[in-house]
Amino acid sequence: MIEIPDRSIRICADRGGTFCDVHASYPDPANPNERKDIVVKLLSQDTANYGDAPTEGIRRVLEIVTGETIPRGSVLDTSKIDYIRLSTTVATNALLERKGHRHALLITKGFKDLLLIGNQSRPRIFDLNIRRPNPLYSEVVEVDERVTLVGYTSDPKSEENAIQWSDDGSSIQRGYRGPGWDGEGDAEGPGDIVRGISGEAVRILKRPDLDLVRRDLQRLYDAGYRSLAIVLVHSYTFPEHEIQIGKLAREVGFAQMVPRGVSSTADAYLTPILREYLDGFFYGFDAKLKDGRIKSPRVEFMSSDGGLLDLNNFSGLKSILSGPAGGVVGYALTSWDPDKKYPIIGLDVGGTSTDVSRFDGRYEVVYETTTAGVTIQSPQLDINTVAAGGGSCLTFRNGLFLAGPESAGAQPGPACYRKGGPLAVTDANLLLGRLIPDYFPKIFGKSEKEPLDSEASRVAFEKVAKEINESHEINLGLDDIVYGFIKVANETMCRPIRALTEARGYSTGKHVLASFGGAGGQHACEIASLLGIKTILIHRYSSILSAYGLALADRAYELQEPSSTFYSAQTRRYLTARLDKLTSDVKVELKRQGFEGDRVRVERMLNMRFEGTDTALMVLPNENDGDGTEDFEAAFRRVYKAEFGFLLDTKSIIVDDVKVRGIGKTFDHLGESVYSEVDRLEKNPVLRSRADSTYSVYFDKVGRVADTPVFLLDNLVVGDEVTGPAMIIDNTQTIVIVPGARAVLTSKHLYITLRG
């Protein structure tokens, strides 16, 4: 039996739509200063053999490391585990399939239909059959309360007319003197006046009747509701009424209360589903995994903005892009060179979809997205998703070759998965020789030990080929038809890349393509060629890079507060003081989580816009902006000019939000960049005699190459250079090297260059 130290195994699991990928590392018994890696790949759903894929993957890891047999279904001992990091698509799938938790909406009286009406945007203005998604909430309860803001934002003399507060904000020195003032009191009419979080003056017109609210909450609880979304007018700056109702709801027995807007209904809809899944996950382990003590194993979750969160801070809203975010972190941290600064396109070709993102030294984040018809305001990495992946269904309809959007998923999977599934992109790659059954994981069939079924793919394609040839005058060969579907899938995957580059003013060809995902290696060369990209990076763990990215990711914690302040030399000190306060709070929380000193990096941001516009930009200054000391105005003008191409020089600048993001670093340094390594490496052309075998593979413009060499990645050494046509294979991925391309093996990547 291998003796493994306690708290030494680090496990990262990414549960995707088709496969669950697990990456683990542990101290090498022969050299405790080095760590050995383990990769486990299993189907995300296989109810005949296990209930939860990440738990099953972790069980297999513990078996491999300890050498002990651990029966399925037994409670797993976590004493050897340092941490478990998870990314999950549970909340995303619940939103897409509308299988979230039944919840009620509590909203200010008179605004019952506010979220149903929405913002009146019409993204499909010429659609003759508009189908508006149903709201996520099941019932609405109006709360008879009302607060309003003193004054109005479009007043050209708003600062001059505004209420003047004492230094500590507790008392009024002079009342409101602008349009609408009643001439007697401190505002436009009666009511208590308080200073909100944003600095705005709030007039309380009516406080809620808490006894009446309690009766409404009890009625909802008795009707089976356990989750609430609470949305009260102006609560962004005056949350007192929401806090009172939240306290009442907890006393009644509600488990989930979320404040504010459409995002709150999404959170109330998704978080209970996520919690149910996580409760089931924790059920498979001993109690130490969840107790949160310093000496217990940590459980961390990938959030949509690329940072790791602990259990207390993870929610449905923050997990929408949990799965794809791990991949973005993985390729960004392993492909970026801070000296050469080559911009990178990330291409994650999974089983169900393809996710595309861009990295140019900093994660590109969006603060409002629409998923399944639901607009969500929460920081997310800017990831474009298209329904084309290894499991995308291939059909011939109305004379067109189609790849997706329907997916075979993991259950039943493509036709070759031995579960009677439909024809998919994986079947096409199999018939073209780009997947070789003998090298592919044998995890199929009732025994979970059978290879891919090439014959099932061939039979299905011959049926489609017959239909295609009957509708065309030209008689196409089977290879031409199969590759036709691959070309359609490749073009579909190129579309979001062009949207992230050309549509935003970046030259696509000047980027490096970082390809990953289980199917990425089969498509990378052809997609790069279509886009004019000459350099491709494929990480050694590219097929599980979302899981590997979890191991590299940093812990994140952020705080944000509303503001309603004009940015000027006079208010700069006040805004800096607010940023300092949030910075202190963020550092305290990260210290509680085990990060302090040099391991903590802080980003201080203001959400700014020109007066009279409604487009705010989250601004992070750099040392080149203005005077070089957090000059937010200069930074805002730089960002605004880059985004829109012009400036509104006559307009004042308003600060809508103050935000601080703290990052607890997992690693201080990730070593030499791949570009520097390639420059210094001595290349060694690999002879065909070193091929493990040859295989018949179809290539564009060349046709079938019957003796395409197949090299095993594990048998190649750093500096080896493989010239296409060729295949490079390991336990989890197949990489197709097209004719003329050259692939150099570095310590962590395949560095592929296409000929001009």
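This is a predicted model: local features need pLDDT of at least 70, side-chain atom pairs count only at pLDDT 80 or more; totals for chains, interfaces and linings use all residues.
Two strands pair if DSSP finds at least two bridges between them, and strands themselves are DSSP runs of E, at least two residues long, numbered from the N terminus, just as helices are runs of H or I of at least four. Residues are numbered from 1 along each chain as its sequence is written, and side-chain values use heavy atoms, with hydrogens and water left out.

Let's begin with strand β1, residues 9-15. Which residue in β2 is the bridge partner of D14? That is D21. In β4, D14 has S87 as its bridge partner. As background, strands of a sheet pair through backbone hydrogen bonds, either parallel or antiparallel. With β2 (residues 19-28), β1 pairs in the antiparallel sense over 6 bridges, and the two form a hairpin with 3 residues between them. With β4 (residues 81-88), the pairing of β1 is parallel, over 7 bridges. Strand β1 is also mostly covered, since 6 of its 7 residues are buried; buried means under 20% relative accessible area, exposed over 50%, and partly exposed in between, using a 1.4 Å probe and protein chains only.

Next, a pair of helices. Two packed helices are described by the angle between their axes and the distance between the axes. Here, α10 (residues 454-471) and α11 (residues 478-500) have axes that come within 10 Å and cross at roughly 95°. That makes α10 roughly perpendicular to α11. For the angle, axes are lines fitted to C-alpha atoms, for helices over the stretch in contact, and values run from 0 to 180 degrees between N-to-C directions. Under 35 degrees counts as roughly parallel, over 145 as roughly antiparallel, 65 to 115 as roughly perpendicular, and the rest as oblique.

Who meets whom? From α10 we have R458, F461, E462, V464, A465, I468 and N469, and they meet L478, I481, V482 and F485 of α11. Contact here means heavy atoms within 4.5 Å. By class, this contact has 8 nonpolar, 1 polar and 2 charged residues. Nonpolar covers Ala, Val, Leu, Ile, Met, Phe, Trp, Tyr, Cys and Pro; charged covers Asp, Glu, Lys and Arg; the others, Gly among them, are polar.

Now cysteines. How many disulfides does the count come to? It comes to 0, where a disulfide is a pair of cysteine sulfur atoms within 2.5 Å. C494 is in no disulfide, and its nearest cysteine sulfur, that of C525, is 13 Å away. C525 is in no disulfide either, with the sulfur of C494 as its nearest. Is C494 buried or exposed? C494 counts as buried because its relative accessibility is 0%. C525 is at 4%, so C525 counts as buried too.

Further along, F610 sits in strand β28, residues 600-610. F610 is buried, with a relative accessible area of 0%. Beyond its neighbours within four places in sequence, its contacts include F636, Y640, L647 and I653.

Last stop: an open sheet of 4 strands, in the order β32-β33-β35-β36, with mixed pairing. The edge strands, each pairing on one side only, are β32 (693-699) and β36 (734-737). Strand β35 (residues 726-729) runs antiparallel to β36, joined by 4 bridges, and M727 stands opposite V736.
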